[in-house]
Amino acid sequence: MKRNIWLFFSMVFLFGACSDFLNMPPKNTKVVYTISDVRDAMSTLLFATTSSSYHSGGTISNSVRFNDEYVQFPFTRYCNVASILYTNDLDMVNFLFDDFVNPARGGRGFIKEYTEGKNWEGYTFPALLWKNVFISVGYINMVLKDLENVPDYNKTDAERISGEARVMRAYYLLRLNQFFAPYDKNEYGIPFNFDADVVQGGKRWKQTDLYAKLIGEIMEVLEYETVPEEAWNLFFNKRVMYGILAQTYQYKAGSCAAEADDWSKAEFYAKAARNGERVENTVDEQFELTTVPLARGTTKPHKFALLRFSLYASAMNDYAPWGRPSQLLVQQPSEELYGLYDEHDIRREVYFQEIDGKIYVTRWQYTNNHNANDVHVLFRFSDLLLIEAEALAHQEKDGALELLNEFKRSKIPGYTGYSGNDVIGEILVERRKEFAYEEMMNWLDMKRTGVTLTRRVKDEATNEVVTYTLDSDDYRYAFPLPADYELMYNNVSQNPGWK
């Protein structure tokens, strides 16, 4: 990652005052920065994480740039929609709906992602995801490098800055490894380095070493004595760190990097992160998970669950490719997915709407009281409860069925209890229903559990309906490393199966 830096932002930071970075010398000269300067640099990243636009094209308000690239939270709503195209949660035959007052707000706005992703052979989406992660990682490396050299070091500020930076970096890289590393090939972990002065990328890590390194980063931050600054820190928060570890051990437990205590640790950290909080059990609470109040402010519903929402979005959400409820809904769920929901399930009312006998997706639509334009869900009590339940079931410990029933009763009024004999399978069904159209969750569950998927899609050029299959051990479950951002410049190998 290049060392020179150029920052641009158009409004005052949410997380504290910032020095005039436009008048700072470029980073390739010898400059001594104070701890206040380094804190301001980290504030810039936090501002970009919570406020910058979701894409990198055109004019972007509230923007921050590093090495002439926009800095943003990497797992944007674009990433969310693109990853949904890899699942079986949408009616893929009718995705490219074009009878709409503004075609760009329907599926046509994602025609390139659809064209590549319908057969799980995407390059565009993985390349953008890869780039966005490493822009932030490079920035974080720079912040931590400068923090090492400040002349006015104090432990409180240093641990708040370092804790934030190290946990955020570890989380981004753990997520990236989930997308790009083959689940069953230890030698194909993602490449990375933590040296801000190294232009070239790092080697591919063995996944066993990668997990040890990145989990170790979080464990070291958990030992910090400094109390986080609630109004400033996002990732430097024990509950957030426990949530990251719970998700990591759940995913890792069935992989080539699995260790005997993975499910035990997934159980422990999921329970610690949830800390007894109940999951959503009303329609209003379910709505609040993917919307924010129209009245703006820093107080967000389910604060632990939500990381980010746009400051610039209007109340009238027209979030492509879902359409706009005041004009026309666009997307339909797959019959398979919709058929999983009980008639009285509160999620049916929140996620779907029936119009003229057809079911449409309303998961990301605004309501009279909430705006859904650009909301990012980081962690969910529902996810943590289901991780704990799955971990208990894999260990054949008591409590899995009780947690499953607690969850289902929260979503289905009058539910009496699960009477089947496949508790793990039922937990996975509930995960699919709960996280439909949300944050890549179902795609990663498919990958870690080895789902074989067959689906019908429409050829965008001929309108012919064709059938494609993704096998449980298919190489396409691991995204291709981008040629222009990685393979062209660094001596690393491509994932098996990809050109």
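**Notebook: strands, helices and salt bridges**

I began with Phe352, which sits in strand E7, residues 352-355. The model is a predicted one, and I keep that in mind throughout. Is Phe352 buried or exposed? Its relative accessibility is 5%, so Phe352 counts as buried. I then looked for a partner across space. Thr362 is 10 residues away from Phe352 in sequence, and their C-alpha atoms are 5.0 Å apart. I listed what Phe352 touches, skipping residues up to four places away in sequence. Among them are Pro333, Leu337, Tyr338, Tyr341 and Tyr437. Arg347 and Ile359 also touch Phe352.

**Entry: the hairpin**

Next I looked up strands E11 (residues 453-458) and E12 (residues 465-470). They pair in the antiparallel sense over 6 bridges. Which residue is the bridge partner of Arg456 in E12? I found Thr467. E11 and E12 form a hairpin, with 6 residues between them. In the turn, Asn463 has a positive phi of about 65 degrees.

**Entry: other positive phi values**

I checked Asp68 next. Asp68 is not a glycine, yet its phi is positive, about 65 degrees. Asp68 is in the loop between strand E1 (65-66) and strand E2 (69-70). With a relative accessible area of 56%, Asp68 is exposed.

Trp120 lies in the loop between helix H3 (111-117) and helix H4 (124-148). Its relative accessible area is 0%, so Trp120 is buried.

**Entry: helix H8**

I compared the span of H8 with what its residue count predicts. H8 has 13 residues, 262-274, and at 1.5 Å a residue it should span 18 Å. Its end C-alpha atoms are 18 Å apart, which agrees. Which residues of H8 are buried? I noted Asp262, Trp263, Ala266, Glu267, Tyr269, Ala270, Ala273 and Arg274. These buried residues pack against helix H6 (207-222), helix H7 (238-252), H12, helix H13 (400-411) and helix H15 (441-449). Just after H8, Asn275 takes a positive phi of about 55 degrees.

Arg274 lies in helix H8 and Glu388 in helix H12, so the pair ties together parts that are 114 residues apart in sequence. Arg274 counts as buried at 8% relative accessibility. Glu388 is buried too, with a relative accessible area of 7%.

**Entry: Arg380**

I went on to Arg380. Where is Arg380? I found Arg380 in the loop between strand E10 (375-377) and helix H12 (381-394). Arg380 is buried, with a relative accessible area of 2%. Val279 is 101 residues away from Arg380 along the chain, but their C-alpha atoms are separated by 8.2 Å. Beyond its neighbours within four places in sequence, Arg380 is in contact with several residues, including Gln286, Leu289, Tyr351 and Phe435. Glu280 is another of its contacts.

Glu280 and Arg380 form a salt bridge, with the closest N and O atoms 3.5 Å apart. Glu280 lies in the loop between H8 and helix H9 (283-288), and Arg380 in the loop between E10 and H12, so this pair ties together parts that are 100 residues apart in sequence. Both Glu280 and Arg380 are buried.

**Entry: Ser410**

Ser410 lies in helix H13. It is buried, with a relative accessible area of 13%. A polar atom of the Ser410 side chain lies 3.0 Å from the backbone oxygen of Glu406. Leaving aside its neighbours within four places in sequence, Ser410 is in contact with Val279, Glu280, Asn281 and Ile346.

**Entry: the salt-bridge network**

How many salt bridges does the structure hold? I noted 39. One of them joins Glu430 and Lys433, whose closest N and O atoms are 2.7 Å apart. Glu430 and Lys433 are 3 residues apart in helix H14 (residues 423-434), so about one helical turn separates them. Glu430 is buried at 0% relative accessible area. Lys433 counts as buried at 3%. Glu430 and Lys433 belong to a network of salt bridges, which also includes Glu280, Arg380, Asp345 and Lys408.

**Entry: cysteines**

Last, I looked for disulfides. The structure holds 0. Cys79 counts as buried, at 1% relative accessibility. Cys256 counts as partly exposed, at 26%.

Conventions. Residues numbered from 1 in each chain as written. Predicted model: local features only at pLDDT ≥ 70, side-chain atom pairs only at ≥ 80, totals over all residues. Heavy atoms only, no water. Helix = DSSP H or I, 4+ residues; strand = E, 2+ residues; numbered from the N terminus. Buried < 20%, exposed > 50% of the residue type's maximum accessible area, 1.4 Å probe, protein only. Contact = heavy atoms within 4.5 Å. Expected span 1.5 Å × (residues − 1). Polar contact = N/O pair within 3.5 Å; in protein donor to acceptor, adjacent residues only side chain to side chain. Disulfide = S-S within 2.5 Å. Pairing = 2+ DSSP bridges. Salt bridge = Lys/Arg side-chain N within 4 Å of Asp/Glu carboxyl O.
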